[in-house]
Amino acid sequence: MAPLGNADANASGNDRRPPGTTRRSLLAGVAALGALGAAGCSRVATAASADGGDLLDRLRAQGVVRLGIAGEIPFGYIDKDGRLTGEAPELARAVFKRLGVDRVQPVPTEFGSLIPGLNSQQFDVVSAGMYINADRCEQVIFADPDYQMLDAFVVRKGNPKGLHDYKDVVAKKARFATGTGYAEIQYAVEAGYKESDILIVPDQVAGLNAVEAGRADVFAGTALTVREVVRKSAKAESTKAFAPLVKGKPHVDGGGFAFRSAETRLRDAFNAELRRMKKSGEVFRVLRPFGFTRAEMTDLTAKELCRG
C-alpha cells in the first residue's frame, strides 16, 4: 500500500487506516506507461442519474472499459511486453467479461491522481488495488475488497535485532525506513517513533537496498510486497506478517475497485459478480500468480472499511 493529510487521501495505494499510502511501485513496467498514456488521455463522458447512472449500459454498448492504473507491481502495471496486467486489471477483465464488457483499456497515471482522474471522467474505474478507507469513501464508492493485507518488515538475515512489530522498532531504537507516503509512517508514529527520524525511500526496492547497505535496520511495507522484494536477496529476509495497531487495536486493510459516487448501478453489478467469484474460488485463482496467498483473501466489506 501513503502520505498524510486529506490532500493525500487520494494519493495512496496501500493506504491503510490513516489517510494515504502509495503502494510500492516497482520500476518494471513504469517506462511502458508513457507509451499507453496517450491512448488513455481522452475523457470519458458520463451521465449519472438519480437511479444509479447509465455507465454500465454505455460500457456494454461500446465494449470497452477504461481502467485507471498507477504502474504498481503487483497491483496494476504494464509489463515488459507492453501488456496491461496485475491483480486488479486481471480481475477487472474477468468481472467485466461477465458483465458483458469484453475489453479493458489502461489509463496510466500517478497514484495520487487516480481519484481526481476518476471524478473528472478520465477513466471509468480505478483498478489499482486501492486501500479502502474513510477519507476515500467520502470521494468515491468502492466495491468490496478483493484482498486484505497485513504488514511485514524487511530485516537483515537472521533478524539480528529481533524486530517483529512497530513496538519492537521503538523499544530497540532501530533505524526505521518506509516508503514515500506509506501508511506505515502513521503506524510507526502511533507506536512512538519520531516521524522526523524515519528514513523515507521511494519504494520497497529502495527499502531493501537501505537494509542491505546498513542504512536502515528495518523497512516496513505490506506483507505481499515485502515477501516479493526479498525473494532473491542474500542479505535480507521478511518477517512474519502482522496487523499494525490503530488506536490500540489490530488493523487489517483491504483493497478494491473505486467508482464515481453516482455510479451505484455499475458498482453493485460489479460487486455481485465479485461475490460469486469469491465463492467459487476464482478470485484467488486470478490473484495467486501475483503473489497473493489464501491469507490475503477476504470477506470484509467496503462498508466495514469505510467506517474506519
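# Structural briefing: links, strands and helices

Cys-306 counts as partly exposed, since its relative accessibility is 25%. In this briefing, buried stands for under 20% relative accessible area, exposed for over 50%, and partly exposed for what lies in between (1.4 Å probe, protein chains only). The model is predicted, so local features need pLDDT of at least 70 and side-chain atom pairs count only at pLDDT 80 or more, whereas totals for chains, interfaces and linings use all residues. Residues are numbered from 1 along each chain as its sequence is written, and side-chain values use heavy atoms, with hydrogens and water left out.

**The disulfide**

- The structure has 1 disulfide, the term being used for a pair of cysteine sulfur atoms within 2.5 Å.
- The partners in this disulfide are Cys-137 and Cys-306, and their sulfur atoms are 1.9 Å apart.
- Cys-137 belongs to helix α5 (residues 134-137) and Cys-306 to helix α12 (residues 302-307), so the pair ties together parts that are 169 residues apart in sequence.
- Helices (H or I, at least four residues) and strands (E, at least two) are DSSP runs, numbered from the N terminus.
- The link of Cys-137 and Cys-306 is left-handed, with -70 degrees about the S-S bond.
- In general, a disulfide is a covalent bond between the sulfur atoms of two cysteines.

**Salt bridges**

- The structure contains 13 salt bridges, each being a side-chain nitrogen of Lys or Arg within 4 Å of a carboxyl oxygen of Asp or Glu.
- In general, side chains of opposite charge can pair when their charged atoms come close.
- One of the salt bridges joins Asp-54 to Arg-58, with 3.0 Å between the closest N and O atoms.
- Asp-54 is partly exposed, having a relative accessible area of 26%, and Arg-58 is also partly exposed, at 24% relative accessibility.
- Another salt bridge pairs Arg-227 with Glu-296, where the closest N and O atoms are 3.0 Å apart.
- Arg-227 lies in helix α9 (residues 223-229) and Glu-296 in the loop between α11 (282-287) and α12, so this pair ties together parts that are 69 residues apart in sequence.
- Arg-227 is partly exposed, with a relative accessible area of 27%, whereas Glu-296 is buried, with a relative accessible area of 5%.
- Arg-276 and Glu-273 also meet through their side chains in a salt bridge (3.0 Å, N to O).
- Within helix α10 (residues 264-280), Arg-276 and Glu-273 are 3 residues apart, which means that about one helical turn separates them.
- Arg-276 is partly exposed, with a relative accessible area of 48%, while Glu-273 is buried, with a relative accessible area of 13%.
- A network of salt bridges links Arg-98, Glu-273, Arg-276 and Glu-282.

- Strand β1 (residues 64-69) is largely enclosed by the rest of the structure, because 6 of its 6 residues are buried.
- Both faces of β1 are covered: one side has the buried residues Val-64, Arg-66 and Gly-68, and the other has the buried residues Val-65, Leu-67 and Ile-69.
- Strand β4 (residues 103-108) pairs with β1 in the parallel sense over 6 bridges; strands pair if DSSP finds at least two bridges between them.
- Val-64 has Arg-103 as its bridge partner in β4.
- Strand β5 (residues 125-131) runs parallel to β1 and is joined to it by 2 bridges.
- Leu-67 has Val-125 as its bridge partner in β5.

**Helix α3**

- The 12 residues of helix α3 (residues 87-98) should span 16 Å at 1.5 Å a residue, and this agrees with the 17 Å between its end C-alpha atoms.
- The expected span is 1.5 Å times one less than the number of residues in the helix.
- Since 9 of the 12 residues of α3 are buried, the helix is largely enclosed by the rest of the structure.
- The buried residues of α3 include Leu-91, Val-95 and Phe-96, as well as Glu-87 and Glu-90.

**Surroundings of Glu-212**

- Glu-212 is part of helix α8 (residues 204-212) and is partly exposed, with a relative accessible area of 22%.
- Apart from neighbours within four places in sequence, Glu-212 is in contact with Arg-156, Ser-233, Lys-235 and Ala-236, where contact means heavy atoms within 4.5 Å.
- The side chains of Glu-212 and Ser-233 are joined by a polar contact of 2.5 Å.
- A polar contact is a pair of N or O atoms within 3.5 Å; within protein, one must be able to donate a hydrogen and the other to accept it, and residues adjacent in sequence count only if both atoms are side-chain atoms.
- Glu-212 and Lys-157 are 55 residues apart along the chain, and their C-alpha atoms are separated by 9.3 Å.
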